[in-house]
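Thank you all for coming.

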Amino acid sequence: MNDQPAIKEGYLAFYGDKAGNSGGQGGKTMCGIVGIVGHSRVTPLILTTLKRLEYRGYDSAGVATIEHGELARRRAEGKLINLERRLKEEPLDGTIGIGHTRWATHGVPNETNAHPHFSDGVAIVHNGIIENFAELRDELVRDGYAFSSQTDTEVVAHLVARELARGLKPVEAAHQALKRLEGAFALAIMFKGDEDLIVGARNGPPLAVGHGDGEMFLGSDAIALAPFTNSITYLEDGDWAVVRRDSVAIFDIDGNKVERKRQQSLSTSFMVDKGNRRHFMEKEIHEQPEVISHTLAHYVDFVSGVSKPLDLPFDFARIGRLAISACGTAYLAGLIGKYWFERYARLPVDIDVASEFRYREMPLSANDAAFFISQSGETADTLASLRYCRKAGMKIGAVVNVRESTMARESDVVLPTLAGPEIGVASTKAFTCQLSVLASLAVRAGVARGVISREQEKTLVRALSEAPRYANQVLKLEEQIERIARELSRYKDVLYLGRDTNFPLAMEGALKLKEISYIHAEGYAAGELKHGPIALIDENMPVIVIAPHDRIFEKTVSNMQEVAARGGKIILITDAKGAAQVSVKTMETIILPDVPEIISPIIYALPIQMLAYFAAVFMGTDVDQPRNLAKSVTVE
Ligand code: F6R
C-alpha cells in the first residue's frame with residue numbers, strides 16, 4: 001500500500017501554494033468590505049485591499065470618500081478593473097473611505113445596486129443579509145425615505161440617517177440602527193462631517209480591525225489588510241467598533257465597552273490564514289453562517305421567495321430519475337439530497353458511493369440526469385463516475401466548490417457551492433453548502449414537477465433564508481459541546497443514531513469523529529439498532545442520538561429506551577420540544593433552536609462537527625491534517 005496521501009491537485013488549484021502564489025481562481029464567494037481612516041489619498045489603498053478581497057465576489061465594486069466635506073462615490077458593475085478605470089477617469093480625493101466588492105444576494109448586479117449606499121449624510125458598505133429588511137423598508141417608506149436600489153443594505157443607510165435626523169450624534173445613531181437589524185452582516189459606516197470616524201459592526205460574517213501608524217483599517221479579512229498592517233483585532237459576533245485615525249473602541253450591542261485581543265496576522269506570507277482560530281477546521285466551522293447564506297443566495301431569491309431559474313441542460317419535469325454519486329462527506333450530503341428530492345419533488349434518486357457506482361453496472365438512461373458532488377472537483381472515483389454517465393449520454397451537473405476543477409469542466413452545468421477555500425481536511429463548510437445547494441434544487445425541482453405550489457415554495461425559501469441565523473445560534477453552544485467532547489474523548493467507541501435525514505447525518509457525525517479524533521464510531525439508522533448493533537451497547541459506548549422533535553421523534557425515543565435499558569449512555573441532540581418530551585434519562589442533552597424541517601440537516605450538522613473538532617483537540621491529534629488522509633483524493 002502506498003503510504004503517501006494522494007496528491008492534492010484540487011487544493012493547489014484553489015488555494016495556490018504556501019508561498020502565497022494563487023492557483024486557479026477559486027470561485028466567487030461573498031462580498032468583501034473595507035474602511036480606511038488614513039492620512040493620505042485613500043482610494044489607491046482601498047483598491048489594493050479590494051484586489052485582495054475580489055475572491056469574495058466580483059459582481060460590482062465601489063468606493064466612497066469624503067471629498068471637500070461631501071460624501072462622494074464611484075461605483076462600477078462587474079470586476080474591480082471597471083472601478084479602477086472609472087477612478088482614472090474621475091478620481092476621488094479624501095483621506096477617509098470605504099470600499100466594497102459585491103457578490104449579489106438582493107438585487108441584480110448593476111451599478112445602482114452596487115455599494116456604497118448613501119442616505120442623507122451616511123455612506124455604508126455591507127456583507128451579508130439583513131433578514132428583516134422588508135419590514136424595515138416598509139417602515140422607512142412610511143417615514144418618507146425613498147429607495148434607489150433593490151438591496152437590503154439601503155435600509156441600514158436610511159435607518160442610520162433617520163437616527164441622525166432625530167438629533168443623535170453619528171456613533172449613537174449607528175448604535176441605535178444596529179439594534180434594529182436581524183440577520184448576518186458585517187458593515188462599515190461613514191458620516192459626512194466627520195473625517196475621523198468609521199463605525200464597523202459584525203454579526204456573523206467576519207470583520208477585522210487593522211492597526212496602522214496614524215491610520216486605521218477595517219476589512220473582511222486580514223489578507224485584505226496585509227499590505228498595510230499585520231496588527232489585527234478580530235471583532236466577535238455582536239461587536240461594533242468606533243474606528244478613528246488614532247484609536248479603536250469596541251462595544252457590545254448593549255453599548256458596553258469590550259476588550260478584544262490585538263494579534264499579529266501571518267497574512268502576508270499566507271494568502272489564507274486561520275484568523276484568530278487555532279485550526280482551519282475551527283475557522284471553517286465558524287464561517288458556516290456566512291457561506292451558507294451566500295450559497296443559498298445563488299439558488300434562491302430571498303426577496304421574492306422563489307428558487308432562481310437555473311440554466312440546466314435538462315428539465316426536472318421531464319426526467320424519470322436522478323442519479324447522484326460522490327465520496328465520503330459529499331456522498332452523505334447526496335444521501336440527504338435523496339430524501340429532499342424524493343420528498344419535495346417526488347423525483348426518484350439513485351445514490352451510490354462513487355467507487356461502487358462505476359462498477360455495479362446499473363442501467364442508465366440518456367433521458368435522465370446525474371449529479372456529482374465534490375468539494376475539490378477532482379476526486380478520482382467521482383470523476384470516473386461522471387465520465388461513465390457522460391458516456392451513457394446522461395446530462396451532468398457538478399456540485400463543486402472549486403470552479404475550475406476537472407469535474408466542473410467536464411459537466412454540462414456547474415452547480416457551485418460558495419464555501420470559499422476549505423483547508424481543513426475534514427469537510428465542514430463544504431458539506432453544509434452542498435446541503436444548501438441540494439435543498440434549493442429540490443425546491444426548484446418540486447416546483448417544476450408541479451409537486452410544490454408557489455405558496456409552498458415561498459414558505460420553503462423563507463425557511464432556507466433562516467438557516468444562517470440558526471447556524472449562528474448553534475455556534476454559541478460551543479462551551480457545552482466542548483465539555484461533552486472532553487467526555488467523549490475518553491471512550492474508544494461511539495455510536496451515532498438518527499432517522500430520516502438524521503440517518504445520513506449520524507453517518508457524517510461518525511465519519512467526522514473517526515477521521516480527526518481517531519475514535520472508532522458508527523452511524524446507524526436508529527431503527528436498525530435492534531438488528532445487530534444493540535449487542536454492542538454497554539456503559540463503555542456512548543450513543544449520540546440526533547432527534548429533532550419531528551414526525552418520527554417518538555420512534556427514535558423508543559430506540560433510546562432500548563439503549564438506556566442496556567446501560568448505554570445517551571447524548572441527545574434535539575430541540576426544546578424534544579427535550580421536554582423525552583422520557584429517557586440522558587447523559588447530556590444539546591438543545592438546538594426549533595428549526596423548519598428543510599433546514600434541519602444543515603443546522604444539526606454543526607454540533608456533530610463541533611463534537612468531532614473538540615474531541616480531536618482533547619485527543620491531541622493533527623486536526624487539520626489527520627493521519628493518512630488528503631484533502632483531495634486523486635487516485636482510485
Ligand atoms: C471527510 C472528507 C472526505 C471527502 C471526500 C470527498 O471529512 O472530507 O470524506 O468528503 O474525500 O472529497 P471531495 O468532496 O473533494 O470529492
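What is the count of salt bridges between domain 2 and domain 3? The count between these two domains is one salt bridge, where a salt bridge is a side-chain nitrogen of Lys or Arg within 4 Å of a carboxyl oxygen of Asp or Glu. The partners are D500 and R343, whose side chains meet at 2.6 Å, N to O.

Before I go further, a word on what we are looking at: this is a predicted model, in which local features need pLDDT of at least 70 and side-chain atom pairs count only at pLDDT 80 or more, while totals for chains, interfaces and linings use all residues. Residues are numbered from 1 along each chain as its sequence is written, and side-chain values use heavy atoms, with hydrogens and water left out.

The domain assignment gives domain 1 as 27-266, domain 2 as 275-465 and domain 3 as 478-621, and such bounds come from an automatic or database domain assignment. The centres of domain 2 and domain 3, taken over C-alpha atoms, are 25 Å apart. If we count contacts (heavy atoms within 4.5 Å), 29 residues of domain 2 touch 26 residues of domain 3.

The size of an interface is often given as the accessible area lost when the parts come together. Here, domain 2 and domain 3 bury about 2,400 Å² between them, with 70% of it on carbon and sulfur atoms; buried area is the accessible area (1.4 Å probe) that two parts lose on being put together, summed over both. On the side of domain 2, the residues that lose the most area to domain 3 are L332, Y339 and R343, together 20% of what that side buries, and R343 is also a partner in the salt bridge with D500 that I began with.

Let me turn to the ligand. For T379, an N or O atom in the side chain is 2.4 Å from an oxygen atom of the ligand.

Finally, some details of the backbone and one more pair. The peptide bond from H115 to P116 is cis, with omega near -5 degrees, and P116 sits in the loop between β4 (96-102) and β5 (117-119); strands here are DSSP runs (E, at least two residues), and helices likewise (H or I, at least four), numbered from the N terminus. H68, a residue other than glycine, has a positive phi, near 50 degrees, and H68 is found in the loop between β2 (60-67) and β3 (70-77).

Across the whole structure, a search finds 34 salt bridges. One of them joins the side chains of D194 and R244, at 3.5 Å, N to O. That pair links distant parts of the chain, 50 residues apart, with D194 in the loop between β7 (183-191) and β8 (198-203) and R244 in strand β12 (residues 240-244).

Note on methods. Polar contact = N/O pair within 3.5 Å; in protein donor to acceptor, adjacent residues only side chain to side chain.
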